[in-house]
Amino acid sequence: VKCKMELTKSRDKDFILLDGGNGHELKQRGIITDGSFLAGVIANEKQPVIVQAVHTDFCHSGCQVLTTNSFVAVPERVQRDIVKASCKSNSKNEDVSSPITSDDAVKERTRQLIQAAVRCAKNVVHKESKTQQCHRRHNPNNVRVAGTVPPLTECYVSSLVPHCANALIPSYAFLLSTLMEEGVDVLLAETLSTEREGVAVIRALSEILMTKPSNVSIPLWLSFTIDDFAQPVLLRSGECLKGVLEKILVEAKERNVPLEALGVNCASPDAVTRAIGVVKATIDQNNIMTTLPALRIMVYANAFETTTSEWLSSSLETKENTKHSACDSCSGNVEPSTSSRNTRKKDYDEFGVILPEVYANYAAQWKKMGVSIIGGCCGCSPLHMKEVAIKLSLTE
């Protein structure tokens with residue numbers, strides 16, 4: 001296993017543009033998800049041309065890091081969706097083999113899906129590096145692949161996450177080691193809704209690195225999803241972002257894990273903006289107290305007008321009296337006012353997707369606030385990222 005950790009020479013000046021959301025972009029190009037999203041992951045095997053076209057478009061938009069299209073490739077969801085697909089096929093009297101259910105078989109199938117996702121991303125990186133078609137201001141033709149390390153269960157629903165962080169370590173170790181074996185450049189733990197998920201990722205990576213030669217390392221970027229309206233800023237579990245970040249930094253130091261970036265994602269642009277101050281203050285304090293390389297701040301927001309918090313509240317309204325299951329208490333939640341809805345309406349197109357130039361304006365604001373890794377989450381297309389690249393080059 002050969003994993004390299006790139007240490008930037010000037011973190012305060014070097015900026016990284018992450019890509020946008022693969023899932024929605026694949027759906028726009030005809031990949032039918034049928035609600036499970038596993039179809040988007042299987043596309044790495046069955047329709048790699050489409051997946052690679054998405055990666056290529058993000059690359060041509062100026063993105064310097066391509067994320068593997070493997071967000072739901074985790075054992076629990078792979079097993080559930082394969083069984084679900086099998087039941088659906090059986091109901092149609094189709095001739096299908098028995099679904100895989102043993103732990104080893106599920107892990108092997110998950111590994112195959114991750115391998116295919118990494119292969120698609122690396123194929124694009126190799127092609128673009130060879131043909132020199134990507135033009136970036138920093139480190140041209142040095143596009144990197146980030147291996148996504150997602151939640152092990154349903155996104156946002158903290159009640160499904162085991163209460164003990166150590167219970168998550170084996171599954172995260174499996175995902176991390178698979179990505180490292182496939183040669184990704186960055187490990188991107190994203191959309192985590194609880195502190196214990198972040199802690200488990202760090203502990204799992206620490207255990208892996210202890211078995212490797214001392215010169216083998218790989219940067220970890222870690223990002224939490226936050227409530228779209230809560231003040232102070234809370235994770236979707238209801239945990240305070242500030243306290244969670246402090247815990248993560250302690251864990252990373254104690255276990256000598258190469259944590260390179262920390263931030264938030266999968267929330268509205270306004271929520272992300274509010275969270276940056278919390279992330280920056282926590283990281284700045286950490287940078288003062290350590291001789292380790294300075295941590296980066298990383299953010300990437302959703303593009304949809306309907307926020308995740310609104311969607312969760314609406315979808316679970318009848319079951320939980322408007323309280324979504326990602327929160328132990330909704331006392332900190334603040335619903336958007338009618339005036340704020342009307343104000344932001346003009347920032348979105350007829351399909352409820354934020355206009356690329358509006359997202360770019362947010363990105364420029366984030367960069368001024370000290371963020372050095374910016375990307376796009378759900379709904380952010382290559383057009384959004386291209387506009388961000390243009391905007392940031394004009395505001396240097």
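Residues are classed here by relative accessible area, with buried meaning under 20%, exposed over 50% and partly exposed in between (1.4 Å probe, protein chains only). The structure is a predicted model, in which local features need pLDDT of at least 70 and side-chain atom pairs count only at pLDDT 80 or more, whereas totals for chains, interfaces and linings use all residues. Residues are numbered from 1 along each chain as its sequence is written, and side-chain values use heavy atoms, with hydrogens and water left out.

The protein contains 14 helices and eight strands, taken as DSSP runs numbered from the N terminus (helices: H or I, at least four residues; strands: E, at least two). Of its 396 residues, 54% are buried. The exposed surface comes to about 17800 Å², of which carbon and sulfur atoms supply 51%; accessible areas come from the Shrake-Rupley method with a 1.4 Å probe, and for residues only the protein chains shown count as cover. Among contacts (heavy atoms within 4.5 Å) with a separation of 6 or more, 80% are between residues 24 or more positions apart.

Asparagine 44 is located in helix α2 (residues 38–46). This residue counts as buried because its relative accessibility is 2%. Beyond its neighbours within four places in sequence, asparagine 44 is in contact with Val51, Asn69, Leu113, Ala116, Ala117 and Cys120. A polar atom of the asparagine 44 side chain lies 2.8 Å from the backbone oxygen of asparagine 69. Cysteine 120, one of the contacts of asparagine 44, is itself buried, since its relative accessible area is 2%. Cysteine 240, by contrast, has a relative accessible area of 37% and is therefore partly exposed. Disulfides, defined as pairs of cysteine sulfur atoms within 2.5 Å, number zero in the structure.

Aspartate 104 belongs to helix α5 (residues 103–131). With a relative accessible area of 66%, aspartate 104 is exposed.

Two packed helices are described by the angle and the distance between their axes. Axes are lines fitted to C-alpha atoms, for helices over the stretch in contact, and angles run from 0 to 180 degrees between N-to-C directions. For helix α9 (residues 269–289) and helix α13 (residues 356–368), the axes come within 11 Å and cross at roughly 5°. Helices α9 and α13 are therefore roughly parallel, a term for angles under 35 degrees. In this pair, Pro269, Asp270, Val272, Thr273 and Ile276 of α9 meet Tyr362, Gln365 and Trp366 of α13.

Methods. Polar contact = N/O pair within 3.5 Å; in protein donor to acceptor, adjacent residues only side chain to side chain. Parallel < 35°, antiparallel > 145°, perpendicular 65-115°, else oblique.
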